[in-house]
Amino acid sequence: MAEPAALPSDAAADPARAPASASPSGAPIRPVPFRGGGFAPRSLRFGSPATFLGLLGLWWAATHFGWISPLALPKPEEVGRAFLDLATSGLLWQHLAASLWRLGLGWVIGAAAGTVVGFAIGLSSLARSTALPMVSAMFPVPKIALLPLFILWLGIGEVSKVATIAFGVFSPMAIAAFGGVDGVDRNLVRMAQSFGMPTRAIVLKIVLPGAMPALLSGARISASIGIILLTAAEMIGARYGIGALVLSAGNLMATDQLVAGVLVLSAMGLTVSKGIGAIEKRVLRWRA
Amino acid sequence: MAEPAALPSDAAADPARAPASASPSGAPIRPVPFRGGGFAPRSLRFGSPATFLGLLGLWWAATHFGWISPLALPKPEEVGRAFLDLATSGLLWQHLAASLWRLGLGWVIGAAAGTVVGFAIGLSSLARSTALPMVSAMFPVPKIALLPLFILWLGIGEVSKVATIAFGVFSPMAIAAFGGVDGVDRNLVRMAQSFGMPTRAIVLKIVLPGAMPALLSGARISASIGIILLTAAEMIGARYGIGALVLSAGNLMATDQLVAGVLVLSAMGLTVSKGIGAIEKRVLRWRA
Amino acid sequence: MDLIATGLGHAYDGLTVLDDISLTVASGEIVALLGPSGCGKSTLLRMLGGLERPVTGRVEMRGAPPAASLNPLTYVFQDFALVPWRTVAGNVALPLEHHRLGAAERARRVAEALARVGLSDFASAYPRQLSGGMKQRTAIARAFAVEPAVLLMDEPLSALDAQTRDLLIEDLVRLWTETRFTAVYVTHNVAEAVRLGHRVVVLSRRPGRIRAVVEIAEPLDRRREGSPALGAAREQIWELVRGEAAAADREMVHG
Amino acid sequence: MDLIATGLGHAYDGLTVLDDISLTVASGEIVALLGPSGCGKSTLLRMLGGLERPVTGRVEMRGAPPAASLNPLTYVFQDFALVPWRTVAGNVALPLEHHRLGAAERARRVAEALARVGLSDFASAYPRQLSGGMKQRTAIARAFAVEPAVLLMDEPLSALDAQTRDLLIEDLVRLWTETRFTAVYVTHNVAEAVRLGHRVVVLSRRPGRIRAVVEIAEPLDRRREGSPALGAAREQIWELVRGEAAAADREMVHG
Amino acid sequence: ADKVVVGVLRFVSSGGLFIAKERGYFAAEGIDLDLQFFEAAQPIAVAIASGDLQFGLTALTAGTFNLAAKGALKVVASQGMEKKGVKGNALIASNEAYAKGFNAFEKLPGTAIAITQVGSSFHYQMGQIAAAKGFDLAKVEMKPLQTLPNMMAAVKSNQVDGALIAPHLARGMIDRGEAKLIGWFSDLAQYQFGALFVASKVATGNRDLTERFVRAYQKGMADYAAAFMRVDGAGERIFDDAAKATAALVAKHVYPSEAAETAAPKVFAAAVAVDDRARVDLADLERQVAWMKAEKLVGADVDAKSFVDISFAK
Ligand SMILES: Nc1ncnc2c1ncn2[C@@H]1O[C@H](COP(=O)(O)OP(=O)(O)OP(=O)(O)O)[C@@H](O)[C@H]1O
Ligand SMILES: Nc1ncnc2c1ncn2[C@@H]1O[C@H](COP(=O)(O)OP(=O)(O)OP(=O)(O)O)[C@@H](O)[C@H]1O
Ligand SMILES: [Mg+2]
Ligand SMILES: [Mg+2]
């Protein structure tokens with residue numbers, strides 16, 4: 001079977017073959033120009049470290065050659081020293097531990113509530129008519145503006161801080177979950193129904209895994225928002241916490257500490273994002 | 001052609017027909033149970049006004065029957081009075097005008113920059129390797145933490161306020177645009193290439209409209225984030241602005257004004273969202 | 001178990017899709033439903049299976065389903081409807097999981113169903129790794145795993161290419177010869193209808209009405225490409241559907 | 001204008017997909033490319049049209065394309081590739097817009113192309129409002145609007161149902177009789193290949209090699225269902241592809 | 001011992017409390033004091049209202065008046081004050097504005113002045129300056145910048161014409177040539193800007209605890225006054241070893257990460273005037289409330305008498 005079958009007209013291998021209506025074989029021959037390709041960017045292997053190194057270099061040059069006043073931006077080595085001071089004194093870990101704990105708890109509560117409400121919106125007309133407008137109305141409410149009320153309601157302890165984060169995480173997560181549920185292939189649901197699967201099983205085995213990609217991307221966004229809110233949450237009576245550190249550095253105009261703290265927050269964001277990426281890879285193994 | 005053709009075996013209209021292998025015609029007959037339906041929630045017509053009225057009623061009852069201390073939450077009528085005072089004194093419009101102007105300008109700048117960067121990330125490997133990590137690193141940076149630096153760099157005038165909003169809007173918009181470009185059907189791009197369309201035309205006529213749904217939903221989210229940041233932006237040296245109003249109400253512990261201001265922000269968010277919904281309906285007419 | 005439809009009619013938002021369909025599917029019989037796109041074939045099948053409530057008329061079962069049947073009326077969907085996050089075996093196990101079966105019995109049923117369609121080696125593959133024909137075979141295995149009394153198949157082969165389709169038709173004929181399942185087989189492919197149907201019910205353009213019922217006496221396992229009886233039935237049906245198809249194809253979909 | 005491929009080969013990340021394909025498509029000729037799924041038909045067509053760079057070998061054009069041709073090598077895609085946000089007329093106009101044509105000339109070309117495929121009444125409909133056959137006809141109109149020298153068609157009818165496909169094949173035959181276009185027609189449907197090809201090139205399973213080239217002398221417009229010449233060619237080709245298809249269908253897609 | 005949580009800012013004006021804690025005056029009264037530090041004044045009052053804190057030492061602002069008027073907290077003792085002869089808050093001008101002629105209190109109309117927040121003590125002081133110099137406060141553009149560092153930055157970079165700012169910050173800026181002095185507020189008027197607050201529940205329900213707390217606090221305030229308020233013949237305050245030792249106690253809380261040698265002089269320089277028995281000047285508070293009412297910063301129903309209890313600190 002591997003050899004071409006010998007058929008009467010097996011002449012394709014002869015490029016000079018010229019049927020009746022063909023162009024004269026003496027006509028000029030031009031190659032077919034390439035016009036495809038592109039529109040498929042890839043992440044270059046060392047792109048992201050190179051970028052960060054480049055930015056660092058730029059920062060170094062800008063502060064050392066006086067392009068930027070030292071008031072406006074500390075030198076990289078000052079920030080590095082501030083960071084080292086924090087790390088060696090052990091303060092960094094105390095700050096980090098306090099923040100991570102608040103962030104983790106607030107995010108879990110807010111994300112869980114958001115997911116449940118988002119699922120309800122995605123599955124029930126009643127929830128869609130009542131909870132959806134509430135979620136949409138709550139999203140643009142600035143959490144810092146509500147801090148005085150949060151203190152009155154929940155005190156200055158951990159509760160109000162965790163609540164600030166949870167509250168901020170809730171809306172985007174609910175919206176993501178709702179979109180995810182809405183996007184679940186209804187054919188799969190009909191299939192499950194056609195096998196007489198009970199509603200509970202359909203929600204758990206069809207809707208939940210089907211909404212998982214949306215939930216994970218919601219987790220990604222809401223984690224970023226949670227980190228942003230850390231600073232707002234730690235405006236109130238926080239002794240430790242990266243947000244508190246950054247705020248007090250701002251109050252003292254200690255720009256080196258300020259920038260160090262901001263970089264820590266940014267690194268936290270990147271770490272969480274990488275972590276979710278890893279989870280995605282595992283949980284969504286079934287995709288591509 | 002409308003009449004069924006008279007064919008030898010046209011006996012389907014006779015339900016009593018029983019071929020050789022069929023069940024005995026005396027066997028018990030049961031209806032086929034219905035097991036479909038559901039999983040298709042709709043927004044009920046008066047759901048959202050009913051919800052808001054219900055919440056208002058609850059609020060009224062909670063504050064009037066003393067379930068919540070008057071310190072923690074003002075009565076609805078107090079908030080209404082505060083709102084009316086603001087409206088009749090004309091202050092509300094001054095605040096609103098100042099905020100809308102900042103929000104509009106900041107959002108346009110941030111969204112435009114985000115869209116351009118997102119398109120670059122979506123189209124070029126270089127941008128994907130450099131700009132994408134930067135955008136991801138910038139997203140979780142809390143803008144309030146940077147306020148002291150923003151003041152140093154951009155002063156306490158309108159520039160720093162607009163920049164705060166633009167900066168906050170930039171990342172989510174870039175991520176949305178990038179996702180939108182990534183999601184554009186590559187077959188359409190190949191089709192355009194196969195017709196020899198120049199790259200510029202492909203970007204404008206294929207990629208841009210194809211990414212439009214994602215851009216609009218990015219606009220929706222980033223507008224909410226812009227409104228949230230209004231308060232942060234107006235922390236500094238703003239005499240007018242809803243964010244400044246809310247902050248100073250918080251400073252004065254004038255909870256009635258505070259809640260009125262927050263409701264205005266929430267209404268702004270809902271209005272913007274409705275507006276984008278209307279644009280969606282027009283621009284995405286070609287869908288469903 | 002027989003399936004009996006009486007005076008079925010359906011409309012979506014005032015658009016009448018089906019009108020006065022009466023039809024009996026006897027036990028062990030394959031009824032092919034043929035009609036142009038949009039004539040309501042899928043709607044009819046959904047009503048037969050209890051996934052859609054008929055606007056007029058009713059659907060009934062006569063006689064008890066076999067005791068082992070977990071799901072008397074079982075669908076095979078055009079788009080396979082495989083759950084992408086489950087392996088082949090997981091997909092076949094899905095409809096068994098909410099029944100009280102022992103783990104061993106469940107595993108036995110899955111293994112048996114996969115063996116029947118020749119996919120035993122692919123039990124732990126994900127749907128994305130399968131060719132179209134294998135996907136559809138998985139869907140068929142899933143349907144057989146619940147021991148259906150009646151199979152409701154909605155264009156089960158239309159997503160496949162011609163050669164693969166041919167292979168699966170042979171699979172189906174073999175399965176029918178072995179198990180004598182009952183089926184309603186929706187298609188708009190005349191050749192397929194003639195190859196698989198004991199009777200072919202031809203529907204008109206929307207609103208779908210029964211235009212004709214063609215009975216094909218030749219036993220399934222003896223039907224061949226060139227056979228004259230099949231050729232005659234095909235010609236006859238082709239004449240019936242041709243004009244309708246051309247008209248239906250030139251219709252704009254509003255909405 | 002002739003299209004000449006010499007010693008073409010391709011590989012994706014080390015996976016050899018095509019091997020040593022040499023082929024000449026003469027002006028006015030329709031070459032049908034037949035082969036099992038995954039054998040590299042689309043890859044070959046993309047290389048012929050300059051959308052993919054061959055790893056080995058080269059593709060050339062001999063002779064000048066007609067002066068009026070805006071895009072000598074023009075595709076018709078399997079999934080239609082209609083831009084959903086443009087109307088039928090807008091889709092047909094799309095490839096004309098970057099050429100220096102007067103607005104009147106552009107409108108004339110669009111109207112003529114739509115008239116040729118019988119879609120003049122649907123000029124302002126959006127793709128979502130069209131049936132599959134109409135979508136494919138729009139895609140064909142778009143291809144004709146640029147006056148191609150060679151049409152490259154990648155399974156242009158495989159997304160359509162059998163009846164609609166039949167109607168479009170007749171359309172294509174009529175169009176060829178009128179305009180004598182040159183085409184490479186990729187398909188995995190033997191009947192289609194035999195109906196439309198002056199020559200049928202049969203590829204082997206991956207890596208695709210030319211297994212055979214079957215020449216069919218009968219003029220396109222005289223080919224009929226039952227004709228013995230066609231029947232013979234079909235049988236011959238069917239034999240060639242059958243075993244390969246069964247094997248290809250049982251292959252798991254890795255990746 | 002009774003466990004008591006008190007909210008406080010890391011300011012020298014809270015020095016009385018720190019001294020009392022360090023010298024064991026609270027322990028002597030059977031109080032186990034837990035200091036809870038805040039970044040801003042406002043949340044201290046809110047936290048007392050919410051029940052998280054029993055006591056708080058913070059500024060008198062429109063916000064605290066509004067909260068107090070709702071019955072959640074009471075003022076029982078005073079904190080810092082502006083007093084003739086002791087340099088308190090200063091009005092400074094940015095170099096640019098100064099060069100353009102902003103060199104006296106009288107030139108304030110038409111300028112943009114940085115304050116912390118609307119309704120803050122700085123805001124009130126601007127009102128008092130306007131009253132003393134007889135111009136309309138509305139003619140001054142008030143720029144709320146939330147924090148003192150923000151205000152400094154704005155003055156330094158000439159983004160505002162001037163600021164009313166704490167004395168040690170003002171001195172530093174003037175010394176470094178970043179701003180010019182217009183004048184000291186204490187030259188114009190006298191007033192109390194901070195107070196010891198107590199939750200109403202504690203003041204009425206546990207009068208004994210409140211009395212013991214205030215007693216301990218008063219002792220600390222007496223030490224504070226003795227250490228920082230003694231003046232020599234020229235009116236300059238005397239910084240001797242005793243003052244240095246006391247300053248070191250305060251510095252422990254105000255500059256927790258700095259050594260006492262460098263921090264103590266800073267504390268001394270930043271010391272504001274206090275009443276040595278921490279008495280509340282009810283008439284002064286009534287004036288403050290009246291002014292804020294006029295500016296619509298507090299509700300019309302706010303009355304100082306209702307939340308000030310002068311029976312503790314006599
Ligand atoms: N859920 C629905 N809501 C509204 N209209 C519907 C719905 N489902 C189907 N229709 C319409 O009802 C008609 C019949 O649909 P149906 O899917 O039953 O046709 P069909 O014969 O199966 O067509 P096809 O061959 O394309 O699968 C079509 O015009 C379709 O647009
Ligand atoms: N962009 C790509 N990257 C990697 N592998 C590819 C790519 N495109 C195609 N392939 C692989 O190359 C092989 C041939 O693909 P191609 O699409 O050319 O086959 P085909 O004959 O057109 O198949 P079909 O009949 O299914 O359309 C397949 O195994 C496919 O998985
Ligand atoms: Mg259907
Ligand atoms: Mg292909």
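In this predicted model, about 2900 Å² of area is buried between chain D and chain C, and carbon and sulfur atoms give 49% of that area. Three helices of chain D, namely H4 (132-145), H5 (162-179) and H7 (228-249), each supply at least two residues of the side that touches chain C. The largest share of this side comes from H5(D), with 7 residues. By class, the side of chain D that touches chain C is made up of 12 nonpolar, 10 charged and 8 polar residues. In terms of contacts, 30 residues of chain D meet 30 residues of chain C.

Two residues of chain D were examined for their backbone angles. Ala81(D) is not a glycine, yet its phi is positive, at about 55°. Ala81(D) lies in the loop that runs between strand E5 (73-76) and helix H2 (88-93) of chain D. The relative accessible area of Ala81(D) is 3%, so this residue counts as buried, the cut-off being under 20%.

Glu147(D), also not a glycine, has a positive phi of about 50°. The loop between H4 and strand E6 (150-154) of chain D holds Glu147(D). Glu147(D) counts as partly exposed because its relative accessibility is 30%, and this class covers values between the 20% limit for buried and the 50% limit for exposed residues.

Conventions: Residues numbered from 1 in each chain as written. Chains lettered and ligands numbered in written order. Predicted model: local features only at pLDDT ≥ 70, side-chain atom pairs only at ≥ 80, totals over all residues. Heavy atoms only, no water. Contact = heavy atoms within 4.5 Å. Buried area = accessible area lost by both parts, 1.4 Å probe. Helix = DSSP H or I, 4+ residues; strand = E, 2+ residues; numbered from the N terminus. Nonpolar A, V, L, I, M, F, W, Y, C, P; charged D, E, K, R; others polar. Buried < 20%, exposed > 50% of the residue type's maximum accessible area, 1.4 Å probe, protein only.
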